[in-house]
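Okay, thanks for making time, everyone. Let me put the structure up and we'll walk through a couple of spots.

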Amino acid sequence: MSTNYVNGRVFTADPDPENAWAEAFTVRDDVIAFVGDSAQAPEADDTVDLQGRLVLPGVTDAHTHLLMMGAALGQVHLTDARSLDEIQSRLREARDRDPDAVVLRGRGWLFDSVPGGAPTAAMIDAVVSDIPVYLDANDYHSCWVNRAALAELGITRDTPDPLGGEIARDADGEPTGMLYETAAVRLAWAHRDVSTTDADRDEAAERAIDAYLATGVTGVVDMAFDEFGLAAFERARARRGGELPIRVAAHWLIENTGDDAANVAQVARAAELATSPSSPWLRVVGIKLILDGVIDACTAAMRHPYADGTNAGPIWPLEQLKPVVAAADAAGLQIAQHAIGDLASDIALDAIEHAIAVNGPRDRRHRIEHLEYAAPETAARLASLGVTASMQPVHSDPAIFANWAEMLGDERVERAFAWPEYEDAGALLAFSTDAPTAPHSSLANMYIAATRASALDPAVPATHPQYALPLERAVGHATRDAAASVGDGEWRGRIASGFAADFAVLDTDPFAVGAQALLDTQVVETIVAGRSRFAASVRPVDARRG
């Protein structure tokens, strides 16, 4: 079966600017067979007149958390609740809507929406005290809970802080209701995992798939896969006869247990999965290591202290990190390391250099996630090692930037999210959203990348506009380079002959009318492997043209 798509504005994402645009292409079965002018298109079984619409290669969200995102879409949304009163109001309303609920979950709250940036259980108990309440922070590195949740988790003054985490306590040593870093992971989220049913996870998986397809995303890279996620997406694939409507590559989460042998043993499971029969729909490609926290909570590992004089150590000290990275590298796994602070990125690169020294030269494409603040020499170091800079424009949204800047409080703020540094150094730069820590919309993500303005609140002025990228380059980082970041750059991520027929048709052309249009642009259709996976109602042609 073949189809000609003609009379379009086709952004191919070809790295050569001379070949970046076309007006037609041909899909034969699940691949693209021709790209060029409409008049030169070969004979085909069917023809689709694009009527001037814009076509983009399918976006790959190169860093996301699928089950968490699907679950978050069904929870109380708190990111735009910019005061404690508003947070409390939404919790009260959610409780009133579901009086039979046995737990209340919310997500996305910001530290600077809470007085003093210090949430307490009492603040939640003021409106919901009869059932456990769990509220994940916007960065998903902290969890705010009420007294009923503390009791459910068995957290008392005698509960020790887990390695790499903290249970916030008052002057008398009593838990206050905040769980930071691994305290959230090993206490709140571990309890969530065992109390969530397979049916809940299946619903979350389907919700995430549907949401992504509606925004033109055709592939994702999950950055915290575990047995629950693997099983949920295996079931989703089985429901569809062995396929998925979206391509899923995954990194297996490795936790620091404090024991080198136990840490390395976790790598073996990832290696087993990566070498087992896989498909272009669902595969494990590497491991994920969380080296530090986040700047907003002063838990990212920095070379120099925060504005308040505190600092945070790494969750993975270098001597514990080296054997894990070396073992994963030897197994041929891709290594993704969460490093938000400049000290953490130093440690990440030191570990990769150690692995190269131990295992010798070979083709490898490791990556560092986030790089929100990195030292000036970091970009060149990444490029020299062939390490991908995996970054999220949505995390620089000016509407949520004030607290980030306040925590550092010095000249470091002026080098926040410095994407051009990585381009200039020649490092591969892959864009993503890190959903659900930020909205999953690919078009809003590109708006921020191209403007450094806010997609959450357009009234907020742009921050660091000198780091904004031309839209063509931003889209290239979210399509071509994001696919390349997991080794798929030779067969998907571009509209090119021989590449997978993964693309999205939009109702507006932001290249023609300006990046601002991305905030209102809608995806008309998303095609994956040559098949329509999402279709929306179509606006009139003149409206599509802006």
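So, how many residues sit between β4 and β5 in their hairpin? Two, and Asp29 in that turn has a positive phi of about 60 degrees.

Quick housekeeping: this is a predicted model, with local features needing pLDDT of at least 70 and side-chain atom pairs counting only at pLDDT 80 or more, while totals for chains, interfaces and linings use all residues. Residues are numbered from 1 along each chain as its sequence is written, and side-chain values use heavy atoms, leaving out hydrogens and water. Helices (H or I, at least four residues) and strands (E, at least two) are DSSP runs, numbered from the N terminus.

Back to β4, residues 24–28. With β5, residues 31–36, β4 pairs in the antiparallel sense over five bridges; pairing takes at least two DSSP bridges. Ala24 has Gly36 of β5 as its bridge partner. Strand β1, residues 2–6, also pairs with β4, antiparallel again, over four bridges, and Thr3 stands opposite Val27. Four of the five β4 residues are buried, so the strand is largely enclosed by the rest of the structure; buried means under 20% relative accessible area, with a 1.4 Å probe and protein chains only.

Now the helices. The axes of α9 (residues 318–330) and α10 (residues 342–359) come within 8 Å and cross at roughly 50 degrees; axes are lines fitted to C-alpha atoms over the stretch in contact, and angles run from 0 to 180 degrees between N-to-C directions.

Methods
Buried < 20%, exposed > 50% of the residue type's maximum accessible area, 1.4 Å probe, protein only.
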